[in-house]
Number of protein chains: 2
Amino acid sequence: MTHDPDTTGKLIDGKGIAHRLTDRVKTEVEALRERTQRLPGLAVVLVGNDPASEVYVKNKAIQTHRAGMRSFMHMLPESTPQEELLDLIARLNEDAQIHGILVQLPLPRHLDPILVTNAIAPHKDVDGLGEVNAGRLSLGIPGLVPCTPLGCKMLLKETLPNLRGLHAVVMGASNLVGKPMAQLLLSEGCTVSVGHIDTRNPKDLARDGDILVVATGKRGLVRGDWIKPGATVIDVGITRVALGDGKTKLVGDVAFEEALPMAAHITPVPGGVGPMTIACLLHNTLQAAKLALEPGS
Amino acid sequence: MTHDPDTTGKLIDGKGIAHRLTDRVKTEVEALRERTQRLPGLAVVLVGNDPASEVYVKNKAIQTHRAGMRSFMHMLPESTPQEELLDLIARLNEDAQIHGILVQLPLPRHLDPILVTNAIAPHKDVDGLGEVNAGRLSLGIPGLVPCTPLGCKMLLKETLPNLRGLHAVVMGASNLVGKPMAQLLLSEGCTVSVGHIDTRNPKDLARDGDILVVATGKRGLVRGDWIKPGATVIDVGITRVALGDGKTKLVGDVAFEEALPMAAHITPVPGGVGPMTIACLLHNTLQAAKLALEPGS
């Protein structure tokens, strides 16, 4: 008989939560259309031919469309000059049909991702990666929040009755996940610790976390004994590994089988954080559209 | 014989470090004037008659002038309508003689501090409190950094050979000090923890800190047994207390006499962080002026 750990009630059902969020967005899009005769529109810009990026962009477009919104794709050649990309963004900023603009990262090396991201008008920056939205998040002013940490926050709020006073440990300090995640958790009243590549005792730090969010890009980094018994674990990592028989599977930054007996709640990979990211993009696009179409409300 | 704790080499001489920084600013102002025939200019705006704010503003103006820069004071009545204040800021934003604008906080209740702060052009926001500079700090993009946490960082870098990998604990999560401090320490490669009013075991958290920055506004909160032996302690707090004989003295958020034997390095109050804040304002004004007057360099 194989060991079959009891996952009852432990798994955070990101897929289901994302599905319900997407359904709510769809309902709200329809209501917005009835009130304003207008639809939210999302423009997605892809430069170059990175296969993973192509898949992401395609999925975003399909999901946007399925949620009842307008979806616009701009696929530019690898060689696109920066000036041309900035011109496109300027036109999208002016376009009243477009409420959200997303430039898929990473960009080809000759393009400056900071300059390009900051060229997006803050009220259309649905990835929340520009300096104005980063500042609003830091200062606690309403704004557009990066999709992946926003999704993690939603998973936590669905799982735990109250985050205030809990010690949240974030492993990873990227602009995309770790830093905005820390700011969101601080806004929720958590005590927040951030660890990263230079952290000397990552295991000790992680084990302090009532909440542990892992976004390091190092698969299986977080072992069972890194987890405080009863902690809630959010695994942002996602790496495709070969199984040796030509098949592959997706794994996270947390050694899931070891973590499962320790954690009170844990996200699976896949099916945890992943589905929330696109759902939060739809959510952000709807919010941006509502602010544009019904500024007073 | 009174107990006379050995402070040799332990006290972080904020006064002396601020003095040297101010001298460097003065020298650079003079060199800038020789290269460009222009002087940095700082506009300080005070609304209302708060006595403490009047003292701060006066000190800032005097120090600015002493550093060889132009200093402009705008003292408006308590009843100033928001529109009028925003108009003044708009004029200062356009004024080529002005390189830095500071609106003294707190503002009277009828004025929105977020709106007012964000009205300052980001390249003139020498207090670093607007959303664009907050975002740049969060994202690691060069910008203007709030003066008090910038001063704390300078004290730490004068005191410790290398911050990378150290665990820095910040007590207090304000937009003015705690949050930007945490971001600066993260940028220096520290593992960073932020505690605040909702933190459940503040003593345990504080005692993890190789670096402990305290900015809670609660005098004497941090006792001796909150300090990791050998830690470097930065006390941002400053409260005036009555001594009972009609005299007063300034005290910090750290119980200094208890902390002294525990810490390897500690800032006194007064004479620690305080003098750095104005020196960093001069530093920021010079940086803003250099970027405006010599944009290519």
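Let me begin with A:Pro106, which lies in the loop between β3 (100–103) and α4 (113–119) of chain A. The peptide bond from A:Leu105 to A:Pro106 is cis, and omega there is near 0 degrees. Keep in mind that this is a predicted model. Chain B has a cis peptide bond joining B:Leu105 and B:Pro106, with omega about -5 degrees. B:Pro106 sits in the loop between β3 (100–103) and α4 (113–119) of chain B.

Staying with backbone geometry, A:Gln37 is not a glycine, yet its phi is positive, about 55 degrees. This residue is in the loop between α1 (14–36) and β1 (41–47) of chain A. Is A:Gln37 buried or exposed? A:Gln37 is exposed, with a relative accessible area of 61%. In chain B, B:Gln37 has a positive phi of about 60 degrees, again without being a glycine. B:Gln37 is placed in the loop between α1 (14–36) and β1 (41–47) of chain B, and its relative accessible area of 61% makes it exposed.

Next, the layout of chain A. The domain assignment gives domain 1 as 37–122 and domain 2 as 146–274. The C-alpha centres of these two domains of chain A are 29 Å apart. UniProt, in an unreviewed entry, lists residues 12–127 of chain A as "domain: Tetrahydrofolate dehydrogenase/cyclohydrolase catalytic". Over that range, 12–127 of chain A, the chain is 51% helix and 16% strand, and 24 Å separates the end C-alpha atoms. The unreviewed UniProt entry also lists residues 146–291 of chain A, as "domain: Tetrahydrofolate dehydrogenase/cyclohydrolase NAD(P)-binding". For residues 146–291 of chain A the figures are 35% helix and 19% strand, with the end C-alpha atoms 17 Å apart.

Now to chain B, and to strand β5, residues 191–195. Five of its five residues are buried, so the strand counts as mostly covered under the 20% cut-off for relative accessible area. B:Thr191, B:Ser193 and B:Gly195 point one way from β5(B), while B:Val192 and B:Val194 point the other way.

What does β5(B) pair with inside its own chain? Strand β4 (residues 167–171) of chain B pairs with β5(B) in the parallel sense, over five bridges. One of the contacts to look at is B:Met171, whose bridge partner in β5(B) is B:Gly195. With helix α7 (residues 178–187) of chain B, β4(B) and β5(B) make a right-handed β-α-β unit.

Strand β5 (residues 191–195) of chain A and β5(B) are antiparallel, over three bridges. There A:Val192 stands opposite B:Val194.

That takes us to the interface as a whole. Chain B and chain A bury about 2700 Å² between them, and 52% of that is on carbon and sulfur atoms. Which three residues supply more than any other three of the area that chain B buries against chain A? They are B:Glu131, B:Leu139 and B:Leu186, which supply 21% of it. The contact takes 35 residues from chain B and 35 residues from chain A.

Last item, a hairpin in chain B. Strand β8 (residues 239–242) and strand β9 (residues 248–251) of chain B run antiparallel and are joined by four bridges. B:Val241 stands opposite B:Lys249 in β9(B). Five residues lie between the strands of this hairpin, and B:Gly244 takes a positive phi near 95 degrees.

How values were computed: Residues are numbered from 1 along each chain as its sequence is written. Chains are lettered from A and ligands numbered from 1 in the order in which they are written. This is a predicted model: local features need pLDDT of at least 70, side-chain atom pairs count only at pLDDT 80 or more; totals for chains, interfaces and linings use all residues. Side-chain values use heavy atoms; hydrogens and water are left out. UniProt positions are given in the numbering used here, feature names are shortened, and annotations may be inferred rather than shown by experiment. Helices (H or I, at least four residues) and strands (E, at least two) are DSSP runs, numbered from the N terminus. Domain bounds come from an automatic or database domain assignment. Buried means under 20% relative accessible area, exposed over 50%, partly exposed in between (1.4 Å probe, protein chains only). Two strands pair if DSSP finds at least two bridges between them. A crossover is right-handed if, with the strands pointing away from the viewer, the path from the first strand over the helix to the second runs clockwise. Contact means heavy atoms within 4.5 Å. Buried area is the accessible area (1.4 Å probe) that two parts lose on being put together, summed over both.
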